[in-house]
Amino acid sequence: MASSNIGPELQRMIDLLAKLPGLGPRSAKRAALHLLNRRDPLMRPLAYAIAEAADKVQACATCGNLDSINPCAVCADPARDRSVICIVESVGDLWAMERAGAHRGTYHVLGGLLSPLDGVGPDDLKIGKLVARASEEGVTEVILALATTVDGQTTAHYVADQLLGKDVSITQLSQGVPVGGELDYLDEGTIAAAMRSRRPT
Amino acid sequence: MEFVDEGFLLAARGHGENHAVAEIFTASHGRWAGLVYGGQGTKMRPLLQQGNRLRATWKGRIADSLGHFALELEEPVAAAHLYDRLALTGLAAACAVAAAALPEREAHPGVYDALRIVIDHLDAPDIWPALLARWELGLLAAIGFGLTLDRCAATGARDDLVYVSPKSAQAVSAAAGEPYSDRLLRLPPFLRGGASLDGASVEEAIDALTLTGYFVETRVFHPSDRTLPDSRMRLVDLLKARVLKPQNENG
């Protein structure tokens with residue numbers, strides 16, 4: 001699909017847009033056209049917002065969250081309970097926990113999961129920093145909020161092993177039937193896990 | 001071309017934004033890879049967990065193509081052992097060794113059946129480490145790296161075999177091996193042909209896994225410049241920790 005009739009600036013923009021998740025060359029062209037038709041209300045503000053975010057957003061030196069201030073808003077918030085650290089895989093997971101509003105402590109973003117297949121070993125994750133944080137005064141609990149996949153649980157077990165001997169309790173998210181879940185539509189693995197972690201009612 | 005088979009999922013890696021390439025150790029077609037449409041989606045991800053037993057329908061336009069799998073869950077093996085670190089490590093280790101050692105598209109029904117026995121016993125921590133070592137021994141034999149464990153490499157004696165020579169992969173009797181005991185691998189009784197698994201201790205299972213691990217590493221992983229998978233090394237560490245603290249069931 002040669003497109004020599006498109007100017008180099010526009011072509012460059014389309015090529016870059018096509019690298020975004022969910023966009024291919026065709027949808028990138030649509031997005032570019034959409035932006036060009038709305039220069040002032042959308043295109044310039046977007047360009048400015050992207051440039052500003054690229055300059056200012058950084059990973060928090062304490063927890064790894066992304067924010068324009070360092071330490072991030074969560075770590076800087078005096079109302080947060082500093083004795084509880086919740087370990088998540090990525091910033092996306094941190095946002096999901098915040099959306100639920102169920103955790104009032106601080107976080108620690110690992111930046112991935114142990115995965116021999118993808119060549120991710122313990123040194124590629126921020127585990128050493130976590131161990132240092134967990135040894136700090138006043139930390140009483142570490143919550144492992146990692147994916148219930150083989151990689152997620154392998155990582156959880158590894159992190160728990162690294163924290164052995166520290167004076168903290170290590171807990172893990174429970175697993176079971178999702179809210180609004182009907183048994184008929186659940187996969188067998190979830191039902192089996194929910195059955196094992198059943199509780200008296 | 002098309003076939004239906006059951007098998008254990010050994011590995012799955014993302015392909016593009018939504019799909020995945022799954023490697024499955026099938027019962028009668030051996031290790032087989034195929035594309036899984038939507039393999040990174042919420043519906044397929046729980047299926048594509050290491051160790052799960054799946055019913056796989058493979059379709060390819062010609063026999064040589066990568067083809068694609070349609071998958072159904074037969075047994076949620078991964079979910080069943082997710083919270084038991086020893087069993088999960090054992091499962092991951094077995095899958096990693098099988099994925100590296102088995103030639104692609106070569107049927108190994110004996111190795112498959114033996115792996116199934118190991119996986120079926122993953123909730124019995126006193127038995128499966130010994131079973132896993134036996135399975136690895138059988139796997140080595142199946143791919144052409146069998147050990148000679150029924151007579152001594154030095155004297156030809158058939159009794160009292162307690163060592164294995166790392167060089168010749170042959171058993172060595174207690175008398176002949178004594179002067180070199182620090183350089184020989186220990187051979188637990190249950191690995192010798194026909195000996196029963198009953199009463200195999202954790203220490204013997206560790207010896208057995210060290211023995212088979214040595215040959216798996218030097219025969220399977222070293223030629224492609226790799227070391228034993230992390231999970232396989234951690235398995236032996238976890239078992240050793242278990243010997244020190246036998247009470248600590250869940251670690």
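## Polar contacts and the salt bridge

A polar contact is a pair of N or O atoms within 3.5 Å; within protein, one must be able to donate a hydrogen and the other to accept it, and residues adjacent in sequence count only if both atoms are side-chain atoms. Four residue pairs, both at pLDDT 80 or more, are in polar contact across the interface of chain B and chain A.

This is a predicted model, in which local features need pLDDT of at least 70, side-chain atom pairs count only at pLDDT 80 or more, and totals for chains, interfaces and linings use all residues. Residues are numbered from 1 along each chain as its sequence is written, chains are lettered from A in the order in which they are written, and side-chain values use heavy atoms, with hydrogens and water left out.

One salt bridge (a side-chain nitrogen of Lys or Arg within 4 Å of a carboxyl oxygen of Asp or Glu) is found across the interface. Arg85(B) forms this bridge with Asp161(A), and their closest N and O atoms are 2.2 Å apart.

## Extent of the interface

Chain B places 20 residues in contact (heavy atoms within 4.5 Å) with 21 residues of chain A. The buried area, which is the accessible area (1.4 Å probe) that two parts lose on being put together, summed over both, is about 1,800 Å², and carbon and sulfur atoms give 60% of this area. Leu82(B), Tyr83(B) and Arg85(B) supply 32% of what chain B buries against chain A, more than any other three residues.

## Backbone geometry

The peptide bond from Asn70(A) to Pro71(A) is cis, with omega near 0°.
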